[in-house]
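Please keep the sequence and the three-dimensional view at hand while reading.

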Amino acid sequence: MDTMRDRFAPAVTRLLDEDPRVAVVLAEIGVADFTEALRQHPDRVVNVGIREQLLVGAAAGMALTGLRPVVHTFASFLVERPFEQVKLDLGHQDVGAVLVSAAASFDWPAGGYTHMAPGDVALLDTLDGWTVHVPGHPDEAETLLRRAVAAGDDKVYVRLSLQANARGLPVDGGRFRTVREGRSGVVVAVGPLLDAVLEATEGLDVTVLYATTVRPFDAAGLRRATGAAGADVVLVEPYLAGTSTAAANDALADVPHRVLGLGVGRAELRRYGRIDEHVAAHGLDARSLRARIGGFVGPAPERA
Amino acid sequence: MGRMTITEEHARAYGFTDLPALMGLMTGDEKHGPAATSTLDVLWVLYDRVLRAGPERMDDPGRDRFLLSKGHGPMAYYAVLAAKGFLPVDWLPGFGSYDSPLGHHPDRVLVPGAEIGSGSLGHGLPIAVGTALGLRAQGLHEPRVWTLVGDAELDEGSNHEAIAFAGPAGLDRLHTVVVDNASASYARPGGIAARFEAAGWSALTVDGRDHEALYAAFTAPHPGRPHAVVARVEPKTA
């Protein structure tokens, strides 16, 4: 299967052809994928070199002139390193851009912690007005990229990952999708973690919602699901554990509820290796998820 | 082009000599030290004689852009914007108050004519680079982009990302004026212009109080290269 990132440059290259507002801003990473686009649109595909403050600042300046910049590098260098540029040059200047990241939480485990960004969505949560898409399949990534670019002057983050589900699902860029219905709990599976969640909850009487757009958080969708399935909620997120716990609590503020936030742990593992080894280390493989979800939504243990 | 030192707004004309009084509406005193006025001459010469911008064309895609990066101490900036009719003079006394659009750092969403909000140092020059790129990408080759930074502001590494890129990228519509009041703790004589020149910029150093010298430096040709003007004023700690 191709990757989400394999779809990124071809999809955006078509958008460059279709829409004269679209521009691409890069900081060396991913430049080779835009060779043809650079030839066709030399003024709208810009590589600023290894300069991530300029990457975001220049994108903001382009947006001030009316362009729709698509900005791309690894998540660590797109959100974390130039975070003040994201906050001020986009947010405070009141302009939009589409930030498209690669490498996610641990797509390159052998690269170590410098190339891991489990905190990217939580960081963006400190800011106002961001839409955050977390596709779980290359097809979904392509759909969400197009939606992101077409979203006026909105500030949109698209989190691409090598981790993916086996099959893509229709995504609408907003609402959670009901994948399975049950009566004793709601599990929200975000992006690439859907397959593991479905395997983990096989035989459990829970509703599974699939989230590919996590900000704004589909509070109405979660409330609707809890109406039939009860208000025991498990969030399974491919970035920092608990990132959406506050959003789920807010959605259920007027009803008694419980929320368990699963995701990537804060502790630095100082391990290399493969993606599946890191998935397991953070308890996000199907077997670990089954134990943690089952323990939360299952019947209370009998008292001794 | 004839020299124009006054402008008219609602039948009231303001010249350079009116600026201390306009600043006084914000500070409560018509006497201002060198730090408060370090940018005053540069701003006046730009708005009076160089920038093709005005209150009647704030949304014109073909206008020149001026991005105040050194947002600290913006009284001189607000005074010039008021003198040139971008904002009403009667806004000035509210400077810094809750209901005023005029903060101690400018906000582009609130201040007519302000192309960017600033305050945190080192943001204007990278945004100016993007503005020049964005105009070029849309075939708008006439408008010039100016940004004003302070000499100590150049400590911020983000500026050097922008300087190092803009020269080799040949952004000849981009201009930076560095108001040098020797406020950087670590600096070498001539270091500012040398930094820009090493990155392929055209660079001139002039007396930041001499309007004719500023005008000549601001309008000097610099084909194929971005242009920096270092405007020296009294040392901040003198």
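## The sheet of chain A

In chain A, seven strands with mixed pairing form an open sheet in the order β2-β1-β3-β4-β6-β5-β10, where helices (H or I, at least four residues) and strands (E, at least two) are DSSP runs numbered from the N terminus, and two strands pair if DSSP finds at least two bridges between them. The edge strands, each pairing on one side only, are β2 (45-47) and β10 of chain A, and from one strand to the next the twist averages 20°.

The model is a predicted one, in which local features need pLDDT of at least 70 and side-chain atom pairs count only at pLDDT 80 or more, while totals for chains, interfaces and linings use all residues. Residues are numbered from 1 along each chain as its sequence is written, and chains are lettered from A and ligands numbered from 1 in the order in which they are written.

Within this sheet, β4(A) pairs in the parallel sense with strand β6 (residues 155-159) of chain A over five bridges, and A:Val100 has A:Val158 in β6(A) as its bridge partner. Helix α3(A) lies across β1, β2, β3 (68-74) and β4 of chain A and runs at about 170° to β3(A); axes here are lines fitted to C-alpha atoms, for helices over the stretch in contact, and angles run from 0 to 180 degrees between N-to-C directions.

Another strand, β8 (residues 186-190) of chain A, is mostly covered, with five of its five residues buried. A residue is buried if 20 or more other C-beta atoms, placed from the backbone, lie within 10 Å of its own, exposed if 12 or fewer, and partly exposed in between. In a regular strand the side chains alternate between the two faces of the sheet. On β8(A), the buried residues are A:Val186, A:Val188 and A:Val190 on one side and A:Val187 and A:Ala189 on the other, and both faces are covered. Five bridges join β8(A) in parallel to strand β9 (residues 207-211) of chain A, and the bridge partner of A:Val188 in β9(A) is A:Leu209.

## Helix pairs

| Helix pair | Angle | Axis distance |
|---|---|---|
| α1 (4-18) and α7 (138-150) of chain A | roughly 35° | within 9 Å |
| α3 (40-50) and α4 (75-83) of chain B | about 25° | 9 Å |

Ala, Val, Leu, Ile, Met, Phe, Trp, Tyr, Cys and Pro count as nonpolar, Asp, Glu, Lys and Arg as charged, and the others, Gly among them, as polar.

## Where the chains meet

Between the chains, 24 residues of chain A are in contact with 22 residues of chain B, two residues being in contact if their C-beta atoms, placed from the backbone, lie within 7 Å. On the side of chain A that touches chain B, two or more residues each come from α3 (52-64) and α5 (83-92) of chain A, and the largest share, nine residues, is that of α3(A). The residues on this side of chain A divide into eleven nonpolar, seven polar and six charged.

Helix α6 (residues 157-166) of chain B has seven of its ten residues buried, so it is largely enclosed by the rest of the structure. The buried residues of α6(B) pack against α3 of chain A, and also against α5 (124-137), β4 (145-150), β5 (174-180) and α7 (191-198) of chain B.

## Backbone details

Most residues other than glycine have a negative phi, and most peptide bonds are trans. A:Glu28, in the loop between β1 (22-26) and α2 (35-40) of chain A, has a positive phi near 70°. The peptide bond from A:Arg215 to A:Pro216 is cis, with omega near -5°, and A:Pro216 lies in the loop between β10 (213-215) and α9 (219-229) of chain A.
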